[in-house]
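Reader: I have a structure open and want to learn how to read it. Can we go feature by feature?

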Amino acid sequence: MHIFETKIKETIRVIHNNLDEMHENIESLKRKGFSGNTRYSMVGIPLVTEDVGNVWDVEEFVSRHPEVEVQYPTENDFFHTRPYIYVTEHEREVIE
């Protein structure tokens, strides 16, 4: 085995209150040297939402993170059947 390069990366998970805020935050993070969103499905679709869980999980989540807006599915929402939040992941190389 020959290791020819080693990099240390800082990875952050960011919760956004809504889509507009998410786009603003991603641009701000890029200006600070972070990548765009690195969360993708196995088939390559960008992932920006994450289910919070059942109603009991939502209450616990809200009590721990009162500043975060939990999104609730609407009647015609085919993609979400449970409460969810907007989440992205970003990374940047750490220079020692």
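Author: Start inside. This is a predicted model, and its largest nonpolar core has 7 residues in all: V52, V58, F61, V68, V70, I85 and V87.

Reader: Which elements each supply at least two residues of this core?

Author: α2 (55-64) and β3 (84-93) do.

Reader: What does F61 touch, leaving out residues up to four places away in sequence?

Author: F61 touches I15, V52, V68, V70 and I85.

Reader: Next, confidence. What is the mean pLDDT of the protein?

Author: The general idea comes in one sentence. Where pLDDT is low, predicted coordinates should not be read in detail. Here the mean is 92, and 99% of the residues reach 70 or more.

Reader: Which elements have the lowest and the highest mean pLDDT?

Author: α2 has the lowest, at 84. Helix α1, residues 19-31, has the highest, at 97. Recall that α2 also supplies at least two residues of the core.

Reader: Now the strands. What is the order of the open sheet?

Author: The order is β1-β3-β2, 3 strands with antiparallel pairing. The edge strands are β1 and β2, and each pairs on one side only. Neighbouring strands are turned by 40° against each other on average, direction ignored.

Reader: How many bridges join β1 to β3?

Author: There are 8, and the two strands run antiparallel. For a place to look, find H16: this residue stands opposite Y86 in β3. Then look at α1, which packs on the sheet and touches β1 and β3. The direction of α1 makes about 160° with that of β1.

Reader: Where does E50 find its salt-bridge partner?

Author: E50 pairs with R13, and the closest N and O atoms are 2.8 Å apart. This pair links distant parts of the chain. E50 lies in strand β2 (residues 49-51), R13 in strand β1 (residues 9-16), and they are 37 residues apart.

Reader: Are these two side chains buried, partly exposed or exposed?

Author: Both fall in the middle class. E50 is partly exposed, at 28% relative accessibility. R13 is also partly exposed, with a relative accessible area of 46%.

Reader: What else does R13 meet in a salt bridge?

Author: R13 meets E89, at 2.9 Å from N to O. Again the pair links distant parts of the chain: R13 is in strand β1, E89 in strand β3, 76 residues apart. Shared partners join R13, R39, E50 and E89 into one network.

Reader: Which residue forms a salt bridge with E5?

Author: K7 does, with the closest N and O atoms 3.8 Å apart. E5 is exposed, with a relative accessible area of 51%. K7 is partly exposed, at 46%.

Reader: One last residue. Where is T6 found?

Author: T6 is found in the segment before β1. T6 is exposed, with a relative accessible area of 67%.

Reader: How far apart are T6 and Y40, in sequence and in space?

Author: They are 34 residues apart in sequence. Their C-alpha atoms are 24 Å apart in space.

Note on methods
Residues numbered from 1 in each chain as written. Predicted model: local features only at pLDDT ≥ 70, side-chain atom pairs only at ≥ 80, totals over all residues. Heavy atoms only, no water. Core = buried A, V, L, I, M, F, W, Y, C linked by side-chain atoms within 4.5 Å. Buried < 20%, exposed > 50% of the residue type's maximum accessible area, 1.4 Å probe, protein only. Helix = DSSP H or I, 4+ residues; strand = E, 2+ residues; numbered from the N terminus. Contact = heavy atoms within 4.5 Å. pLDDT = per-residue confidence, 0-100. Salt bridge = Lys/Arg side-chain N within 4 Å of Asp/Glu carboxyl O. Pairing = 2+ DSSP bridges. Axes fitted to C-alpha atoms, helices over the stretch in contact; angles between N-to-C directions.
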